[in-house]
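User: I would like to learn how to read strands, sheets and packed helices in a model. Could you take me through one, feature by feature?

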Amino acid sequence: MTRFKRAERIRELPPYLFAEIDRLRKQVAEQGVDLIDFGIGDPDLPTPPGIVSRAAQAVSRPGHHRYPSYEGMLEFRQAAAAWMERRFGVDIDPQTEVISLIGSKEGLAHLPLAYINPGDLSLVPSPSYPVYSTATLFAGGESFFLPLLKENQFLPDLSVVPEEVRKRAKLLFINYPNNPTTGVADGRFFERVVDFARSNDLIVCHDAAYCEVYYDGKKPPSFLQVPGAKDVGVEFHSLSKTFNMTGWRIGFVCGNAEVVEALGKVKTNIDSGVFQAIQEVAAYALANEDDSAQRMRQVYQQRRDILQQGIKQAGLEMETPSATFYLWVSIPPGSSSAEFATHLLEKTGIVATPGNGFGQAGEGYIRLSLTVTTERVKEAAERISRLSF
């Protein structure tokens, strides 16, 4: 029993759906089983040495030891704008259309505070990264969930959103390449998103954290490449996945100047910006480390192919992902996602994330992250292949 009464926004958070899996993981480990954990999407590859070397220089500069600017160093914002131009052909004004973030998650979590009032809605994909709905809840709003289904290539069907929902909605969250489904959007889908947002006076929040984790040369597009996109939305980018910099906490948001400014106003009252040494290093990475990103993709693609082979030998079904470092695997009929994840853990020592942990539409799947060493991926593929479904 707790002594202090918690705020409604905390009490309304959904229960921790992985608690039973965590309990079983500890129980199995205590029995001496060699666990292979595919549960967390945290890159195991180290930050490239060129970035680390630049950081050693940057932290020694006394000018970086003071409070940073709230919107981010101009050097970093210019590097982000130049990267958007080079990678996507998107023109971004570094003065007004981009600000630094303490990782893209921070920006995604704070944007609803700028636009959501009690009673307002966010349109949120299901399954999805939980921060979209949680941030809406913290701002006093509600989420209307858009199912991501295999038959729709894991794209939301915007045409079925009820009129009364559209009237209350302020934000539309999308995420491509998608976590957890691995779905990828094309320009035609983004055009429909722009039309939908314009018709319903919505702000589009595109989470593009996995845009550089792609395979077979299939580069995912930016939402901002579509004509009119900058009129209705913003795009969130992260250096965490592109340069294996999850712990460095650096990202940026770019696009509509009005929305960028509103998010910046929230941030000035909540945080004090990103350590300038990290911003200097991030600017260097965006300008100079494309080759390291390519090497990273080669490693993940090899792991994808190895683990997928074991999964298919076991009789499980999945789409071959062309992006992200996840596998989204269909489970056999007759059990829930949590039950199957438990079965997999007990029979093979492999930790997977139940799909329903990302939303109701994730039921029927498990997610496996490719962020363990290639040797461990080989071992996991061998273990799974010995099963039969």
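User: Which residue is the bridge partner of Leu123 in strand 5?

Analyst: Strands of a sheet pair through backbone hydrogen bonds, either parallel or antiparallel. In this predicted model, the partner of Leu123 in strand 5 is Leu172, and the pairing of strand 3 with strand 5 is parallel, with three bridges. Leu172 also stands opposite Val204 in strand 6, where strand 5 and strand 6 pair in the parallel sense over five bridges.

User: What is the order of the strands in the open sheet of seven strands?

Analyst: The order is 2-8-7-6-5-3-4, and the pairing is mixed. Strand 2 (98–101) and strand 4 stand at the edges with a single partner strand each, so one side of each has no neighbour in the sheet. On average, neighbouring strands of this sheet are turned by 25° against each other, direction ignored.

User: Which helices pack on this sheet, and which strands does each touch?

Analyst: Helix 4 (residues 74–88) is one of them, touching strand 2, strand 7 and strand 8 (251–255), with its direction at about 65° to that of strand 8. Helix 8 packs on the sheet as well, where it touches strand 3, strand 5 and strand 6, and its direction makes about 170° with that of strand 5. Helix 8 (residues 187–200) also belongs, with strand 5 and strand 6, to a right-handed β-α-β unit.

User: Why is helix 6 described as largely enclosed by the rest of the structure?

Analyst: Helix 6 (residues 131–138) is described in this way because six of its eight residues are buried, namely Val131, Tyr132, Ser133, Ala135, Thr136 and Leu137. These buried residues pack against helix 1 (8–11), helix 5 (104–115), strand 3 (121–126), strand 4 (142–147), strand 5 (169–175) and strand 6 (203–207). After helix 6 comes Gly140, with a positive phi near 95°.

User: What is the strand order of the open sheet of four strands, and which are its edge strands?

Analyst: That sheet has the order 9-10-13-12 with antiparallel pairing, and strand 9 (317–318) and strand 12 (353–354) are the edge strands, each pairing on one side only. Strand 10 (residues 326–330) and strand 13 (residues 365–369) run antiparallel and are joined by five bridges, with Tyr326 partnered by Ser369 in strand 13. Helix 13 packs on this sheet, touching strand 9, strand 10 and strand 13, and its direction makes about 10° with that of strand 10. Helix 14 (residues 337–348) packs on the sheet through strand 12 and strand 13, at about 50° to the direction of strand 13.

User: How do the axes of helix 13 and helix 15 cross, and what residues make the contact?

Analyst: Two packed helices are described by the angle between their axes and the distance between the axes. The axes of helix 13 (residues 290–313) and helix 15 (residues 374–385) come within 7 Å and cross at roughly 10°, which means that helix 13 is roughly parallel to helix 15. Contact residues include Val299, Ile306 and Leu307 of helix 13 and Val377, Ala381 and Ile384 of helix 15. The residues of this contact divide into eight nonpolar, five polar and two charged.

Definitions and conventions. Residues numbered from 1 in each chain as written. Predicted model: local features only at pLDDT ≥ 70, side-chain atom pairs only at ≥ 80, totals over all residues. Heavy atoms only, no water. Axes fitted to C-alpha atoms, helices over the stretch in contact; angles between N-to-C directions. Helix = DSSP H or I, 4+ residues; strand = E, 2+ residues; numbered from the N terminus. Parallel < 35°, antiparallel > 145°, perpendicular 65-115°, else oblique. Contact = heavy atoms within 4.5 Å. Nonpolar A, V, L, I, M, F, W, Y, C, P; charged D, E, K, R; others polar. Buried < 20%, exposed > 50% of the residue type's maximum accessible area, 1.4 Å probe, protein only. Pairing = 2+ DSSP bridges. Right-handed = clockwise from strand over helix to strand, strands pointing away.
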